[in-house]
Amino acid sequence: MLDKVTKRKLVVIGNGMAGIRTVEALLERAPDLYDITVFGSEPYGNYNRILLSPVLAGEKTVDDIMLNTVDWYEDNNITLRKGETISMIDRRTCEVVTDAGDRVPYDRLLIATGSNPIMLPLPGKELPGVIGFRDIYDVDRMIKASTDYRNAVVIGGGLLGLEAANGLMKRGMNVTVVHLLDTLMERQLDPVAGGLLRKSLEERGMVFKMPAQTQAILGEDRVTGVRFGDGTELPADLVVMAVGIRPNFELAKKAGLYCERGIVVSDTMQTYDGRIYAVGECVQHRRQTYGLVAPLFDQAKVCANHLAMKGFATYDGSVTSTKLKVTGIDLFSAGDFAPGPDKEEIVLQDANRGVYKRIILKDKKIVGAVLYGDTIDGPWYFQHLRDGTDVSHMRERLVFGAANLGDGGVSGQNSVAAMSDETEICGCNGVCKGAIVKAISDKKLFTLDDVRAHTKASSSCGSCTGLVEQVLAFTLGGDYSAAPKVKPLCKCTDHSHDDVRRVIVEQQLKTIPAVMRFMEWKTLNGCHSCRPALNYYLLATWPGEYRDDQQSRFINERVHANIQKDGTYSVVPRMWGGVTTPSELRAIADVAEKFNIPTVKVTGGQRIDLLGVKKEDLPAVWADLNDAGMVSGHAYAKGLRTVKTCVGSEWCRFGTQDSTGLGVKLEKFMWGSWTPAKVKLGVSGCPRNCAEATCKDVGVVCVDSGYEIHFAGAAGLHIKGTEFLTKVETEDETLEVIVALTQLYREEGWYLERMYKWCDRVGLEQIRKRVVDDVANRKALFARFAHSQQFAQTDPWAERASRGVDRNEFAPLAELELA
Amino acid sequence: MTNWIEIGALDDIPRLGSRVVRTPGGNIAVFRTESDEVFALDDRCPHKGGPLSQGIVHNKRVTCPLHNFVIELASGQAVAPDEGCTHTHPAKVENGIVWLSVRQAAAVS
């Protein structure tokens, strides 16, 4: 650890959300690297600027929106110099100079000066009673004015102007909104939605004067009115200018840093002076400036990564969405919705319900969305927009939203806004909506990970993730930080699954510590999420070479049985293709009686499950099952589980092929293989599909002329029919295609990513091309799978039952009889 | 007074792993870290009683196999924001031998 004297000095100019978020992210990555000093001209800690509107409207207090109190800075050894303004950056000596003339040296400087409200150059703009809408000070002045005066004019019919107008109206003032154009929020809304918005604000008592150009602000000692271009005048005791914001880069410009509309930064958030970084509203990145919060989080992460000397993350710009924070008005917009020759529109308009939805498509992808009245699907459209999803297959139902797409799983229910606080969101952990909303507001949470950590919602099966993100969006108003598209493998690293898999191959990394060292893991031994993932990646990449790390296996895979809630285990012997014999059944019955196994249950995958086996009995149970010729059924494995079959042509009068025989053949070839997540197969002997093959990871439906191969189905968290991959004529070809498909999944899938999710991510056509069309590639995949099987097909039960493998695992270290 | 009992060889516990010691008051999980430190906790997660000895050990923590509660080995405390605590028992290694001192009250509870 570096001591105080040799630590580098980081100076942060700006105590707002962008600067402090960067500092937080830096502390996570490199807590001891810098001595940090933060300058902020406001006399507060860091607060959530997005929520100023609810404070103005009286729905929240200033304390509610504080993000970092003064104590936080102390606890993290950060020097906070609030109320001090930096007047100059001296790049030659690497110092900043305060307005009091104090010089503070830096090794690295972070500029996060945000933006200023644009004050129109009107006559009378300096009169008392004319203010912008930017900080707590402005809000205080507005609240005070609302108690002393009656008439307010808000100049600017954009997001900020309307929120200010709404707040002032709620505080009892007569409010007129003046807007230059004839559409409100024209940067976010089209004329129709703008009109609906205007109508409902008028119903609440807001008055509009638009299109109208303000010519002068009238008054002697204090504002008394406003005059317009057409000569008319309005009385006013308070004028709020909310026509936009301007990046605040005066300081940077004076220091000779290159600025255009903002401080120009690279993809690593550096200015033209490599020692100086900038983030937030004051920067211009790839010709874009941002006035919303979500991009700040992305920038902060990248900047912190670079300041921590990791140097691999880059910022590629953000797509943003907005939501008007006026209680009772639902409005959402995202992306680009200006009409164009290459764009198509889907519009739904229901005047009586006050619902308007417009989705803009380009090249089969969503590029923009405007929603009014019913914004529940906003985050869902936004996700597709950001991910660039090809939506052509759901185009006809797209405008009706996620709930109408026939996703029958838990994620199908979909109206967070309409839910009561008692509605359960996370069925696994029993977390209801109210608890999540409370945690978000009380604990000041911004991200899905925050919510997972604090409430456990969405932390188990993950099927409610979409709902939790909606609750976030709904609670924070469109500005929550959406989970990034490329997610880090876990909290121990910033690298994605893909990065890790690629580097393992490129750098020939062959142990978990080697991967962690090379990729600069943030934790000493990783955690329960990354260790099993790394273990799988190494196992799948280096078959026969990598030594399986038992301590990085989840308990079920370490002891080859499934842990139950009381700490006992369940045991499932393999029954090839779901076929058994009288002697196997007799052996199972004997074992159950001999070891007092309390429950014997038939599973959905055509196997028999022995539940409630004590851990120390496992080797003996396995020995007896082994003696009867049975091996592990891998019911616990992220690997090949079961092949479910129907009786096929051997017995069934409808059977077209020997589905049972094919199932057994597949299972005998593929058992023992480890995969990113569990893999279940089904083989049906005719299209009646009694083996339910079309909701399996891989399914075969036999027909008279051959074998239809399907894959990427699911019937658990999500219900999803399979995709048709190809049709072949022989059993051998069927085996070859399925094995090649599974191998591709083994090589590309992310740990715990089921095959249907992998297919969603990579794309059906991509997979078909490499598994079906490219025959040479198919054969190569098949050969790699076959090679790996040489090392995988050893019965783990026999090894432990009779060959003494891992003996310590099943016996206590000691038995004490205490006095 | 600390009453040390010899419970076995350090090498009988895998690195980043755990073994169970049976006592009349319930199982005690004895953990070994990467750097060969040992810690002993009641083998019950404060959340829903999961056997911590079956969890994945990382640094000086263990993750419960049932619902991923993470427990500090030294203090038995759940890592924030989770809440709860498991009883700890003094444990030490001397010349490759692991010693445990069972705190009766804790183990019995």
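Which strand of chain B is joined to β41(A), and do the two run parallel or antiparallel? Two bridges join β41(A) to β2 of chain B (residues 17-22), and the two strands run parallel. Strands here are DSSP runs of E of at least two residues, helices are runs of H or I of at least four residues, and both are numbered from the N terminus; two strands count as paired if DSSP finds at least two bridges between them. Within this pairing, Glu815(A) stands opposite Arg22(B).

The model is predicted, so that local features require pLDDT of at least 70 and side-chain atom pairs pLDDT 80 or more, whereas totals for chains, interfaces and linings use all residues. Residues are numbered from 1 along each chain as its sequence is written, chains are lettered from A in the order in which they are written, and side-chain values use heavy atoms, with hydrogens and water left out.

At the interface, 34 residues of chain A are in contact with 34 residues of chain B, contact being heavy atoms within 4.5 Å. The area buried between the chains is about 2900 Å², of which carbon and sulfur atoms give 57%; buried area is the accessible area (1.4 Å probe) lost by the two parts on being put together, summed over both. Two salt bridges are counted between chain A and chain B, each defined by a side-chain nitrogen of Lys or Arg within 4 Å of a carboxyl oxygen of Asp or Glu. One of them links Glu616(A) with Arg22(B), with the closest N and O atoms 3.2 Å apart. Elements of chain A that give two or more residues to the side touching chain B are α12 (448-455), α16 (530-541), α17 (555-559), α27 (807-810) and β41 (814-815).

Chain A also contains an open sheet of five strands with antiparallel pairing, in the order β23-β24-β27-β26-β25. Its edge strands, β23 (321-323) and β25 (344-350), each pair on one side only. The twist averages 10 degrees from one strand to the next, with axes fitted as lines to C-alpha atoms, for helices over the stretch in contact, and angles running from 0 to 180 degrees between N-to-C directions. Seven bridges join β26(A) (residues 355-362) to β27(A) (residues 365-372), and Arg358(A) stands opposite Val370(A) in β27(A).

Two helices of chain A pack on this sheet. Helix α6 (residues 191-203) touches β24 (331-335), β25, β26 and β27, and its direction makes about 20 degrees with that of β27(A). Helix α9 (residues 378-387) touches β23, β24, β26 and β27, and its direction makes about 160 degrees with that of β27(A).
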